[in-house]
Amino acid sequence: MDNLAGIILAAGEGIRMKSRTPKVLHRLCGKELIRYPVELLGRLGVDRIVVVVSPANQKAIKELLGDTVEYAVQTTKSGTAGAVEAAASLVQGKAQQVLVIGGDSPLVSDASVRSLIDGHLGAAHQMSILSGIVQDGQGLGRIDRHHGSQRDVLGIVEDAQDTARDDQPIEVNSGVYCFQADWLWENLGQVQASGAQERYLTNLAAIAAEQQVSVAAQPSGDPIEVRGINNRVELARLEDVERQRIRESWMLEGVTISDPSSVMIDSAVVIGQDTVILPNTMLLGNTVIGSGCEVGPGSVIKDSTVGDNCRVTSSALEEAVMEAGANIGPFSHLRPGAYLESDVHIGNFVEVKESRFAAGSVMGHFGYVGDASIGANVNMGAGTVTCNYDGKNKHRSVVEKDAFIGCDTMLVAPVTVGAGAVTGAGAVVTKDVPPARLAVGVPARILDR
Ligand code: UD1
Ligand code: MG
């Protein structure tokens, strides 16, 4: 038998999000909410993870998480108790302890859950609740203790049913629990419907207290982690906290961030030492930035790789690669498939798509390069355009090494400009230019040089 199983509750309707997207697929710092508890339980070494989904959201959640977890479908709106029941057939008899966590609580920390489990096992509790002391417990269940003492837990009182709240700080339920498995499965069926016909898992605390079996609530040191996300205000609030943590952790790793609050760094991003991030910059998705770079101000980099000692000034990159020493900007755009080899220089108002610039080539001023292969040490003059689309199909342009493309050249693809060839200003190149030759005019004629 496995020691510890994890059940992640994600079958709620998420009505308060007012969204067509399931709540747990909304993102916090670029990562879907549901991934946070899945990764947390993975890091804790939980043997078996069951995600409880609904008929409506199961397809989307399964697409995201694949077979990294098991799934149970909660077919009725039976509340958080019903959700745990839906997972029973996958977990009952297979684990001695059961950890339950909401899919909407991304800031719960490893340390708090570890210490909850340790306390639970150490004292042999039947039910342990991760709690937190907060000033504003709106929407959260309150831990009810005997005569307000620090000791015996009497139950959890949901906000809607709580008549005893004032503006004092209160101890609230995080929605993370550890149960002794046999006790959980024996007693879950006793939970009665509360408001809105839902059966609250939280009622198990009062059931345990009545039975005088051991139930405990353990406050976390950092109350922010007990907050779940039920609406978009809470999403923004928690994201703000997480973004600050991410920035601070990179600063402590040797990254300079000027005006940190204007910088957004997603959770999967990696940044090298001595890189400087200037204001109003967003590093998103699976982006990797090397060391010694200068990024920003005002750059947006998504799912891209930037090597060491690069500069990205006021430019946008998506699914692009820059090798070491390359630089771009201000105001240029690398679209998917753009690849700049080492020391390539792209200046202002250049758009590059599905094209490779080999080492040392330059394009300093406005233009468009799509579906092209640019050789090493090529100079692409101001206003160069690859005419890659004939209205039906895309065609490739090839500019071989050491070529010099004159200002305002139109490369009408498919076309190849040979190594060391030159095009005159304003040339409209409709036929291949042999190596070392000169092409001028409209359409371009090949001349000797
Ligand atoms: C719940 C707790 C509350 C706690 C808070 C912490 C209950 C009754 N209340 O309130 O004490 O302070 O979390 O964030 O549990 N879900 C299902 N099936 C359902 C209903 C919900 O799987 O039928 C899932 C939701 O997708 C969500 C989680 O359970 O991930 C919690 O449900 P939610 O409706 O967000 O409960 P809260 O009102 O936040
Ligand atoms: Mg919630």
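A residue counts as buried under 20% relative accessible area, as exposed over 50%, and as partly exposed in between. Phenylalanine 331 of this predicted model is therefore partly exposed, as its relative accessible area is 48%. Phenylalanine 349 falls into that class too, with 49%.

There are 2 aromatic pairs in the model. One of them is made by phenylalanine 331 and phenylalanine 349, which are stacked with their ring centres 5.7 Å apart and 25 degrees between the planes. Phenylalanine 331 sits in the loop between β24 (327-328) and β25 (333-334), while phenylalanine 349 belongs to strand β27 (residues 345-353), so the pair ties together parts that are 18 residues apart in sequence.

## The magnesium site

Now for the metal. Which residues coordinate the magnesium ion (ligand 2)? Asp104 (OD) and Asn230 (OD1) do, at 2.1 to 2.3 Å. These two come from distant parts of the chain, 126 residues apart: aspartate 104 is in the loop between β6 (95-102) and α5 (110-122), and asparagine 230 in the loop between β11 (215-219) and α8 (232-252).

Aspartate 104 counts as buried because its relative accessibility is 15%. Asparagine 230 is buried as well, at 13%.

## Around glutamate 171

Glutamate 171 is part of strand β10 (residues 170-180). With a relative accessible area of 10%, glutamate 171 is buried. Its side chain makes a polar contact of 2.7 Å with the side chain of arginine 145. Neighbours within four places in sequence aside, the contacts of glutamate 171 include Ser131, Gly132, Ile133, Ala217 and Pro219.

As for valine 276, 105 residues from glutamate 171 along the chain, the two C-alpha atoms are separated by 41 Å.

## The nine-strand sheet

An open sheet of 9 strands runs in the order β14-β17-β20-β23-β26-β28-β30-β33-β36, and the pairing is parallel. Its edges are β14 (270-271) and β36 (415-417); each has a single partner strand, so one side of each is left without a neighbour in the sheet.

Within that order, strand β26 (residues 339-340) and strand β28 (residues 356-357) run parallel and are joined by 2 bridges. Tyrosine 339 stands opposite arginine 356 in β28.

## Charges over rings

What lies over the face of tyrosine 339? Arginine 356 does, at 3.9 Å from the ring centre, and this is the residue that tyrosine 339 stands opposite. Another such arrangement puts lysine 394 over the face of tyrosine 389, at 5.2 Å from the ring centre.

Methods:
Residues numbered from 1 in each chain as written. Chains lettered and ligands numbered in written order. Predicted model: local features only at pLDDT ≥ 70, side-chain atom pairs only at ≥ 80, totals over all residues. Heavy atoms only, no water. Donors = N, O, S within 2.8 Å, 3.2 Å for Na, K, Ca; no water. Helix = DSSP H or I, 4+ residues; strand = E, 2+ residues; numbered from the N terminus. Buried < 20%, exposed > 50% of the residue type's maximum accessible area, 1.4 Å probe, protein only. Contact = heavy atoms within 4.5 Å. Polar contact = N/O pair within 3.5 Å; in protein donor to acceptor, adjacent residues only side chain to side chain. Pairing = 2+ DSSP bridges. Phe/Tyr/Trp six-rings, centres within 6.5 Å; stacked < 30°, edge-to-face > 60°. Lys NZ or Arg CZ within 6 Å of the ring centre and 35° of its normal.
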